[in-house]
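The sequence and the structure are shown first, and a short account of selected features follows.

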Amino acid sequence: MNDVDAATFRDAMATLAAPLTVLTYYDAWGRPGGLTISSVCSLSVTPPRVLFCVNQANHGHDTAVGAGRWCLHVLAPDQENVARRFAEPGDRFRGLPVLNGATPEMLSVAARIELTSDALRDGGDHTIVVARVRRVTGLADGGGLVWHQRGPAAAVPVAQESRERAA
């Protein structure tokens, strides 16, 4: 059996919606850093753990993976600009309301999940991070932002979408 070529694999994965999130952390000098990631999933309830992956080609890979403590920001459907900001170089935090605690926390997101490192694994061209959930704050209704068909898309619960159309 032959392996699937990269283009076919990417096409197949583009049909699968993935959450658009922003991962924030402090570097070794205490400066805030962050990047947009879409490879995120829940892993365990007991103990609460998530799994996320960071592309090794990302210029912030080593700093992000090495931070050991992060805040995972689940973005709301209207936060495409935040996802794009953290996917590009530059001062990503400029003008954003941020709480500087154990990790930099953006305040206006669908949810904030504070994490600490449990394990790192090789994932080919990505590093797989298994992280323990330490705290969840800022939970909001209204859905989230996903990456689907190579672009951002709003993920809104079907029941909510039906109510909005009826109103």
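## Lining of the largest pocket

In this predicted model, helix H1 contributes the most to the lining of the largest pocket, giving 5 residues. H1 spans residues 6-14. At least two lining residues each also come from strand E1 (18-19), strand E3 (32-37), strand E5 (49-55), helix H3 (80-87) and strand E11 (144-148).

The lining comprises 34 residues in total, and those nearest the centre of the pocket are Ser 38, Ser 39, Asn 55, His 126 and Trp 147. By residue class, the lining holds 19 nonpolar, 9 polar and 6 charged residues. The volume of this pocket is about 1,100 Å³.

## The open sheet

An open sheet is built from 7 strands, arranged in the order E3-E2-E6-E9-E10-E5-E4 with antiparallel pairing. Its edges are formed by E3 and by strand E4 (40-44), each of which pairs on one side only. On average, neighbouring strands of the sheet are turned by 35 degrees against each other, direction ignored. In general, the strands of a sheet pair through backbone hydrogen bonds, in either a parallel or an antiparallel manner.

Within this sheet, strand E2 (residues 21-26) pairs with strand E6 (residues 69-74) over 4 bridges, in the antiparallel sense. Leu 23 stands opposite Leu 72 in E6.

## A helix across the sheet strands

Which strands does H3 lie across? Helix H3 lies across E2 and E3, and runs at about 115 degrees to E3. Both H3 and E3 also supply at least two residues each to the lining of the largest pocket.

Terms used
Residues numbered from 1 in each chain as written. Predicted model: local features only at pLDDT ≥ 70, side-chain atom pairs only at ≥ 80, totals over all residues. Heavy atoms only, no water. 1 Å grid on protein atoms, 1.4 Å probe; cavity = no way out; pocket = protein on both sides within 12 Å on 5 of 7 lines; lining within 4 Å. Points joined across faces, edges and corners; volume = space filled by probe spheres on them. Nonpolar A, V, L, I, M, F, W, Y, C, P; charged D, E, K, R; others polar. Pairing = 2+ DSSP bridges. Axes fitted to C-alpha atoms, helices over the stretch in contact; angles between N-to-C directions. Contact = heavy atoms within 4.5 Å.
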